[in-house]
Amino acid sequence: MEHSKKHPGYNTYILVWLALLMFTSITVTIAGIDLGKYTLLIAMFIAAIKSALVINIFMHIKFEEKIFKVFLLLSGMTLLIIFVLTFSDFLFR
Amino acid sequence: MNNSHDVALNSHVHRDDVGAKMGMWLFLFTEVLLFGGMFLVYAVYRFQNQEQFKLAALELHTGIGTLNTIILLTSSLTVALSIAAIQNKNKFLSIVYLNATLLLALFFMVNKYFEWSTKFAHGIYPGAKELLEKPNGQILFYGLYYVMTGLHGLHVLIGMIILYIIKRQIKKDIITSDNYVRLENSGLYWHLVDLIWIFLFPLFYLIQ
């Protein structure tokens, strides 16, 4: 029963949920301030933090075997490459 | 009786929970690529039509968007709690949390319904005369808005159906405290729906 020890309990989930709500209120508040170019950057940065919380805790990736993390990294990199290649074509056309 | 016991024993022997979860993750990656393509189209068009995207986004109601974000985040929590409950051998609590998730998902869809019907009433829907008179950037914004939030909404509906089936299986003891990988995989699907919304929300509702 070593496996069950690794499961996070109710409290962890509730803490993560509170953090997610906090980040949501931060991103809504910041959107009301005019920061020019940085608005989108900050919004995406906060969305990335929220995703990391959901993926690691809610989706258990933090507690899974290594192969799941490799999968995740691979698909993340694929998406990144698609974006970088498209924009390098689009911006320097 | 003896027979069903044998089947249960056999299914236990042949079970591969890690394999099942791996399969689910692979499926989720195809979903990520599906939405990723749309986010790519969004990124390029937004880059080309920055001013028009800002103007078009003013029509969207930030309050409804924020409310739906809170609803989806909370529904993600209740799914996670449902899994924790079944791990603690609390079948009743697990069902309660799944019911809460289904209720929250319903709230989300009701909000979406009111949001879309208000837009329709203002003549903002794909192919509407009023919309087509607007600059090209705004037509693109609303085209992406309807396709992306629409596909996301479809995922919410599918998630609701799956979670309902799972709830019935917990009731019938098909899913139990030592065989709950289906609940976990359905939870993963639900969290993905939440993840996609985490990005849709700032990209459509929070452009100033």
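Helix 2 of chain A and helix 4 of chain B are roughly antiparallel to each other, a label for angles over 145 degrees. Their axes cross at roughly 170 degrees and come within 10 Å; axes here are lines fitted to C-alpha atoms, for helices over the stretch in contact, with angles running from 0 to 180 degrees between N-to-C directions. Helices are DSSP runs of H or I, at least four residues, numbered from the N terminus.

This is a predicted model, where local features need pLDDT of at least 70, side-chain atom pairs count only at pLDDT 80 or more, and totals for chains, interfaces and linings use all residues. Residues are numbered from 1 along each chain as its sequence is written, and chains are lettered from A in the order in which they are written.

On the chain A helix, residues 10-31, the contact includes A:Tyr13, A:Trp17 and A:Leu21. On the chain B helix, B:Ile70, B:Leu73 and B:Leu77 are among the partners. Contact means C-beta atoms, placed from the backbone, within 7 Å. Nonpolar is Ala, Val, Leu, Ile, Met, Phe, Trp, Tyr, Cys and Pro; charged is Asp, Glu, Lys and Arg; polar is the others, Gly among them.

Now the whole interface. Chain B puts 28 residues in contact with 31 of chain A. Helix 4 of chain B gives the largest share of chain B's side, 12 residues. That side divides into 18 nonpolar, 9 polar and 1 charged.

Last, helix 4 of chain B itself, residues 62-87. After this helix comes B:Lys89, with a positive phi near 60 degrees.

Definitions and conventions
Helices (H or I, at least four residues) and strands (E, at least two) are DSSP runs, numbered from the N terminus. The expected span of a helix is 1.5 Å times one less than its number of residues. Two residues are in contact if their C-beta atoms, placed from the backbone, lie within 7 Å. Angles under 35 degrees count as roughly parallel, over 145 as roughly antiparallel, 65 to 115 as roughly perpendicular and the rest as oblique.
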